[in-house]
Amino acid sequence: MKNNIIETDILIIGGGTLGLFIYSQLKKKFRNIKVIDRGGLKPKIAKKNNLINKGVYHKGTFKKRAFGIGGNSSLWGGQLAEFTNAEIKKYELDLGFKKNETKKIYRRLYKLLNIRKSDLNNFVKDHNLKIPNKYGIKYFHTSWLKEPNFSKFYKPCLDKNPNDFIINAKAEKLFIKNRRVTGIQCLSNKKKYLLKAKKYIFASGTVETIKFFQNNKNKIKLNSIGSYFHDHLGIHVGNIQPINERKFSNYFYNGIYKNSKYQPKLLFKFSNSKYSLSASGEFKFYSKYEKEIKKIKKGYIDLLNEMKLSHLLKLIIQSIKLNNKFFELLWLFLLKKKIKPFYDKGIYFYVQSEQLAEKESYVKLNKLSKKFIIDWKINGVELDFIKLFALKTKAFLEKEDIAKLNLNNFSNINQIKFKKIVRDTNHPSGGMIISKNRKTGVVDKNYCVWGTKNLYVTGSCLLKKSSYANITFTSLAMALKLTDYLKKNV
Ligand SMILES: Cc1cc2nc3c(=O)[nH]c(=O)nc-3n(C[C@H](O)[C@H](O)[C@H](O)COP(=O)(O)OP(=O)(O)OC[C@H]3O[C@@H](n4cnc5c(N)ncnc54)[C@H](O)[C@@H]3O)c2cc1C
């Protein structure tokens, strides 16, 4: 079949979270950029029949992936966390940053995304909080984007350049000559197009990026494509009964401090001769009013973003439905700038743990069935680590008269049960990892695919291990580094 041909300087494959961020950066320098996305202008969760789960059930892959402009940023809350100082020291060179560069890039990102980083030091002083070193855990805050949906955040830029976006177009086939990608064939409304660019950047999300490269393995001859697939391990470890409500809320309710939204969490790190891991822990509040409260929060954000009468009316109707609960919310917010949680169904301590790097944990193409297999593997020693974290948290909460943590059910579980009940936290990562040579990974430190000169990959698929917390902030930092490099090298 004869191809229709579209030519451009830069082609971004995937107009999701990272694709839009990269576009916004590169558009400042280049006129000719195209973004293709397999979904439409409004991202949708689509069921994919060409995937089979083999290992630990990776729920996020099957239930929580949005395709279309904005991608998964249309589903997330926009919670951002930096790697810890120790992790930066250990990994920054491996992640492609120069020595002492990561923090600088993080600072630029806060500015670009219009985020005020939570001022933890002053918060702790103002609220008189203390976790003595003897407990071995640390208190920290994550920051939040004001507008998490990137298609809304970048709307002015998208509206100005509608022709840069090609929607409902799926990248399928790679053409390479003399180590240069000469084109990518995509399928749109049953028609084939050939997109030709000077540089190609994959920002298609972890699983879809791996799938594309597995499908084109005959051209990219790298054995590690799909290896080291991983996520964070999410598990409820026990229920909480506050002993002192005032103290508990002072430490652990979400709120706003100096104009930035924060979520309080606990951090635990542990290293021995067998492993080195880190994890974060948070308090989850369950209530029969959850849905209504979510709607109120959304209505409030909509109103702050757009002062429309329709948003105000919706907010009033939702508030009336919640009766006096709304006034409880409002009261605590006005008094303490805290967001009151309701927990008539209980409070649980939830851990999100890093997992050990597993080479044999993969996404692979089964050539016979032509289906992709997600074989997510977990070592299992993470269970001992999480148990230790839970015990340390219990000691802190109970000895400081803050809350009781009941670990009875969790303390007895073994590795088999653990692997059955543990879930991913919607952070699919790995599979396209950065490496020192082409034998051990897929891309070099400039995120360029080994053996090619103009093919780049972004996203958490580049990570071999995922630190203690949400990965997208660091993925965005790596994407910013890539755009700096491309601005000098196209
Ligand atoms: C419910 C939920 C909550 C989350 N919460 C957080 C959080 O609070 N903090 C955090 O750090 N992370 C969070 N995450 C993870 C975060 O959303 C992802 O890390 C991030 O969105 C990934 O961005 P991406 O650009 O790599 O992929 P995506 O945003 O998924 O974008 C990929 C895009 O590529 C397109 N595409 C795929 N294949 C092709 C193809 N072959 N051709 C053309 N286009 C293609 C897709 O349609 C999609 O639009 C959450 C995820 C979920 C689902």
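This is a predicted model: local features need pLDDT of at least 70, side-chain atom pairs count only at pLDDT 80 or more; totals for chains, interfaces and linings use all residues.
How many residues lie between β16 and β17 in their hairpin? I count four.

**Entry 1: around β16**

I started with the strands that pair with β16. β17 (residues 276-286) runs antiparallel to β16, and the two share six bridges. Looking for a specific pair there, I found S271 opposite S276 in β17.

Next I checked β15 (residues 255-257). That strand also pairs with β16 in the antiparallel sense, over three bridges, and I256 stands opposite K261 in β16. The β15-β16 hairpin has two residues between its strands, and K258 in this hairpin takes a positive phi near 45 degrees.

Then β8 (residues 138-144): I get six antiparallel bridges between β8 and β16, the latter spanning residues 260-271. Here F140 has K265 of β16 as its bridge partner.

**Entry 2: the three-stranded sheet**

I moved on to an open sheet with the order β5-β20-β19 and mixed pairing. Its edges are β5 (51-53) and β19 (362-366), each of which pairs on one side only. On average, neighbouring strands here are turned by 25 degrees against each other, ignoring direction.

What packs on this sheet? I found helix α8 (residues 206-215), which touches β5, β19 and β20. The direction of α8 makes about 40 degrees with that of β19.

I also looked up the β19-β20 pairing: it is antiparallel, with five bridges, and β20 covers residues 371-375. As one example, V363 is bridged to I374 in β20.

**Entry 3: the ligand**

Which residues come nearest to the ligand? Out of 30 residues around the ligand, I noted T17, D37, G68, Q79 and T472.

A ligand oxygen sits 2.8 Å from a polar backbone atom of L18. For G68, I again read 2.8 Å between a polar backbone atom and an oxygen of the ligand. With Q79 the ligand atom is a nitrogen, 2.7 Å from a polar backbone atom.

How much of the ligand's accessible area does the protein cover? I get 92% of the 1000 Å² that the ligand has on its own.

Sorting the shell by element, I see α1 (17-26), β6 (66-67) and β10 (169-177) each giving two or more residues. β10 gives the most, with three residues. By residue class, the shell splits into 11 nonpolar, 14 polar and five charged.

Terms used:
Residues are numbered from 1 along each chain as its sequence is written. Side-chain values use heavy atoms; hydrogens and water are left out. Two strands pair if DSSP finds at least two bridges between them. Axes are lines fitted to C-alpha atoms, for helices over the stretch in contact, and angles run from 0 to 180 degrees between N-to-C directions. Contact means heavy atoms within 4.5 Å. A residue is near a molecule or strand if one of its heavy atoms lies within 4 Å of it. A polar contact is a pair of N or O atoms within 3.5 Å; within protein, one must be able to donate a hydrogen and the other to accept it, and residues adjacent in sequence count only if both atoms are side-chain atoms. Accessible areas come from the Shrake-Rupley method with a 1.4 Å probe; for residues, only the protein chains shown count as cover. Ala, Val, Leu, Ile, Met, Phe, Trp, Tyr, Cys and Pro count as nonpolar, Asp, Glu, Lys and Arg as charged, and the others, Gly among them, as polar.
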